[in-house]
Amino acid sequence: MSAVAVHPTGQWSWWRKVLFRFCCIYLLLYITPWTWLGDIPILGLIGDYYSKVETWLVTLANQYIFHVKDVLVPLNGSGDTSYGYAQLCFFTLMAVVGAAGWTLFDRRTSYNTAYYWLLVLVRYFVAMMSLSYGIIKLFGLQMIFPSLSALATPLGDLLPMRFSWYFIGYSTPYQFFSGAVEVLAGVLLLFRRTSTLGALVAASVFLNVMMMNLCYDIPVKVFSIHLFVFSNFLLLSDAQRLLNFFVFNKPTQPAFRFTMPKKWMRSAQVVLKVAFVGLFLVWPVARSYQRWLTSKEMHTTNKLATGFFTVDQFQGNVADSLRWKDVVFEATNSGSIQTADTLFRQRYRRGYFSYELDSLAHTITFKKNAADTTTLFSMQYTVPDTNHIQLRGKIRNDSVVVALQRQRRHFQLTERQFHWLSEANR
């Protein structure tokens, strides 16, 4: 697709051309625009095959060159795993080699058009990420309010990342505000006239995110650093204009822009933007709203109880370290037990579980989590009154009887306190 430049096109210095070549290759490898439409079935195949090839190349390069780790741990939603660092090394190496080869064979004096389209791709990538993270915060889906199990966990047992998660999840208005600013940055970046303002907002947002990840050991450090750098990369094209306005108190020139020479190109541009807004703004809002409704419905499912229960009696041929000390039943069909038993999903010295209830047979079936179909064990239950529960069954072929009594524990944190006049709320 060609375009007409309406800004002066001067000759670039040699170092600027080399730097552009390196950045162009690295940025394209990192943002992979050919995988953005992965949710569309046929187009998703492109992303699948590309991912397999990239994984093979990164693993091969790590085996013979980088040696980050003998066996790479996949990304798994985070960029700080051993695979993430091997991938970072691989992208850097490819950018260096590619830029060197590009420099040997290319004799162009400038890359104004290519630079413009690279800025467009980076701008939409940052917008896409801003909208993605911002929208789920608007519905309170990224960080959740501390559960009863979390409230029953000693503060000193929490990892910094989980501590920071609860810090944000505690306040729904603050999380909404954080998401709204990210969405604002994403929306501003979608339009050329407001892209500079959007980049400024995005740089501010991702600076805060980056510092939180670095300071609280949140395992998305590499990715958040990239988002902050990418936001500043967008601002770099307007560096002189921003300096004139904010520092030198001088008049600024209009930003350079490209206009499509043909009507069908301009129409295609509008169609692509509408499609982008639909895929990465409208559809995520609808999907997050549905997830929010589902989370509300989970509180109305068939539950055994909700609250904190102490273990009054635990009979069975079980090692002392595996005995239950207390049990928490959440508002959903899940909970946790103070036990070192690895049969459960261990986190912060508590064993987490989900359960299914058969109110007719009076049986409760324990699982590691809601997505796991494997049954850990089943027990018969009786509920003499709202304050007592008795469980009978077999755990690892050992007959066990557990008597639970509700404990009226009071957590001040759940009161969501707020004071304009602050003299005693410490």
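Trainee: How far apart are the end C-alpha atoms of residues 85-105, and is that span helix or strand?

Mentor: They lie 30 Å apart, and the span is 100% helix and 0% strand. Helices (H or I, at least four residues) and strands (E, at least two) are DSSP runs numbered from the N terminus. This is a predicted model, where local features need pLDDT of at least 70 and side-chain atom pairs count only at pLDDT 80 or more, while totals for chains, interfaces and linings use all residues. Residues are numbered from 1 along each chain as its sequence is written, and side-chain values use heavy atoms, with hydrogens and water left out.

Trainee: Which residues does UniProt label "transmembrane region"?

Mentor: The unreviewed entry lists 18-37, 85-105, 117-145, 165-190, 197-219 and 270-286. Such annotations may be inferred rather than shown by experiment. Residues 270-286 are also 100% helix, with end C-alpha atoms 22 Å apart.

Trainee: New topic: what are the domains?

Mentor: The assignment, from an automatic or database source, gives domain 1 (12-108), domain 2 (111-297) and domain 3 (307-406).

Trainee: How much do domains 2 and 3 bury between them?

Mentor: About 860 Å², with 52% of it on carbon and sulfur atoms. That is accessible area (1.4 Å probe) lost when the two parts are put together, summed over both. On the domain 2 side, Leu-148, Ser-149 and Asp-157 supply 52% of the area buried against domain 3, more than any other three residues.

Trainee: And which residue forms a salt bridge with Asp-157?

Mentor: Arg-349 does, with the closest N and O atoms 3.7 Å apart. A salt bridge here is a side-chain nitrogen of Lys or Arg within 4 Å of a carboxyl oxygen of Asp or Glu. The largest share of the domain 2 side touching domain 3, three residues, comes from helix α5 (residues 148-151).

Trainee: How many salt bridges does the rule count in total?

Mentor: It finds 10. One of them joins the side chains of Lys-221 and Asp-80 at 3.6 Å, N to O.

Trainee: Why does that pair tie together parts apart in sequence?

Mentor: Lys-221 lies in helix α9 (residues 221-236) and Asp-80 in the loop between α2 (41-66) and α3 (82-105), so the pair links parts that are 141 residues apart in sequence.
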